[in-house]
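Please look at the sequence and the structure first.

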Amino acid sequence: MNKSVQLTKEQESIIDEVGNLVVTAKPGSGKTFTVVEKIGVISEGLMEFQGVIAISFTRKASQELELRCKRKGILRKNHFFGTIDKFYISEIIMPFSKILTGKNIPLEVKDSFSDFPEYEALKGLKVDFRNKELQILLEKSLLDGHIFLEICGETAFFIMNKVPECLLYLKAKYTHIFIDEYQDCGEIQHEIFLKLVDLGIFGVAVGDLNQAIYAFSNRYSKYLFSLMSDKRFTHLEITHNHRCHKTVSDYSLALMGVPNITLEGESRVFKVNVIGTDENIINSIECNLPILKEKYGFKNNSDFAILCRGNETAKRASLFLKTENKLFVDTALDKSNSYWGMLFNDMLTSFFLYKKGLTTILDFVESRINEEYEKKRFEKGLEILTEIFSLEENQLGNQIDLFIKFAHLTYPEHKDEKICNDLKRIVENEQKLDSFKPATENEVNIMTLHKSKGLEFKCVFLLDVYKWILPPEGKWVTNEDYTQSLNLFYVGVTRAIEACYIMQGTMRYRAMQKDFWTAEESPFLYLNNTQLLRKDLLWKDELLVKQN
């Protein structure tokens, strides 16, 4: 290993570990960098005919990993870089189907079963991939020259179990298999990964702890968790956040229970006390914006974000803040954990980014459809998305069918009529649709904690960090509610790159009662002695003083 590379002790431990490994990483912790370094170390000890398997769940991510390895000079002809589907098709199905069937039949990848009703029943393999009757039908489909993309994982698993030569080939050629974003693994991917590990190929599963801890999608992260407790695997973490200022990162780690964290230098996390209500808090923020710009060297209002627990607080903050601001309200898509819900959310966000020249149609389609093996579907996706992104904003409401058509193309097995109705209500509501547009440089961002997921800002102000709100209290509150609230608070803190200000008033507004109540600090502010890792401030409401 090149010791001149700046590595943390956590990263060094991961790179030096020689056995099966599950790596969980926090956002901004440099997990891709660590994977590249580890592949580099492994490559140094490989025989000429050997390589590693490096799988990402999108073509764009796999291309990025391959490019980084190439830049470091560790790209070998026997390494495999690609999506999971590409691995199944190119390394298992294509070369070993002829041994299974006993015939050398040209195979062609099919995007869907729509033109092959006689094989429609094969969809059942996604539920029961060991079904003997369906496996007989699967073998017949291969004899007819068809590889159905929707069940390529199930097809690969079938061949691995029926053709010993397949396992011998994989064992001889590859020494390690890396799978990134393991929290998105389904059952068949998990089974194949473990089969390769049992074969003697070292397995390295890498998961995003932000997704795994919070379970915002709550789809398949159970497979990541199962590896973390699997005796065949060593579990190591990457906790250092390279994106946030160290004191912000350390505060967030302590919040989530990482022990023995001490303050080094002057903290960039502050608890700011303001006498009065949320209006007084917003006025105090307004007074301090020019001071903070000068202190941290910020140029734009969009470098700041005010994050709130709910829409009502966010709306009031936008109303009280006289500086130009952009209000982002939560929609049904923000809290959806369905495939179509997350897809529609990304489509609307990308629609407005595209209008500003900040993304491309090709990038969006490439991240969801593999052009190499799904050429027809890829071209159809480009066609549909081009039509959508060519629309004017006021035309979206009449073109919901285009969104649904793209969803059917991308995730045909996850049809969701409820989320389609939610999408229609959003695009027909000017305020909700406006929440998908990015702020201009002159506008302060105002949004909920849910809406801020995946975003980052140079300076963040957190509102609603009060008892009864974060976390909620009462007989109806479950452990899950508590955990979700802690996760949201963690998300809020880690949206801050340079500084985080936790705002505390003496009175809080109750939206349901439409009154004010004495504000009490959230117990999260003292969890794991985090009060030792921040600085307390008192801000005055200068604007109201001048007005009075």
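The questions below set values against definitions.

This is a predicted model, where local features need pLDDT of at least 70, side-chain atom pairs count only at pLDDT 80 or more, and totals for chains, interfaces and linings use all residues. Residues are numbered from 1 along each chain as its sequence is written, and side-chain values use heavy atoms, with hydrogens and water left out.

Q: Why are α1 and α2 called oblique to each other?
A: Helix α1 (residues 9-16) and helix α2 (residues 31-44) pack at an angle of about 40°. Angles under 35 degrees count as roughly parallel, over 145 as roughly antiparallel, 65 to 115 as roughly perpendicular, and the rest as oblique. The two helices are therefore oblique. Their axes, lines fitted to C-alpha atoms over the stretch in contact, are 9 Å apart.

Q: Which residues of α1 and α2 meet?
A: From α1 come Gln 11, Ile 14 and Ile 15; from α2 come Phe 33, Thr 34, Glu 37, Lys 38 and Val 41. Contact means heavy atoms within 4.5 Å. By class, the contact has four nonpolar, two polar and two charged residues. Ala, Val, Leu, Ile, Met, Phe, Trp, Tyr, Cys and Pro count as nonpolar; Asp, Glu, Lys and Arg count as charged; the others, Gly among them, count as polar.

Q: Why does Lys 514 count as exposed?
A: Its relative accessibility is 64%. Exposed means over 50% relative accessible area, buried under 20%, and partly exposed in between (1.4 Å probe, protein chains only). Lys 514 therefore counts as exposed.

Q: What makes Glu 181 partly exposed?
A: Glu 181 has a relative accessible area of 24%. That value makes Glu 181 partly exposed. Glu 181 is in the loop between β6 (174-179) and α8 (187-199). Its phi is near 50°, a positive value in a residue other than glycine.

Q: How do you know that β15 and β16 pair?
A: Strands pair if DSSP finds at least two bridges between them. β15 and β16 have four bridges, in the antiparallel sense. Met 507 stands opposite Thr 518 in β16. The hairpin of β15 and β16 has four residues between the strands, and there Lys 514 takes a positive phi near 55°.

Q: Where is the cis peptide bond, and what is its omega?
A: The cis bond joins Leu 470 and Pro 471, with omega about 0°. Pro 471 lies in the loop between β13 (457-462) and α20 (479-494).

Definitions and conventions: Axes are lines fitted to C-alpha atoms, for helices over the stretch in contact, and angles run from 0 to 180 degrees between N-to-C directions.
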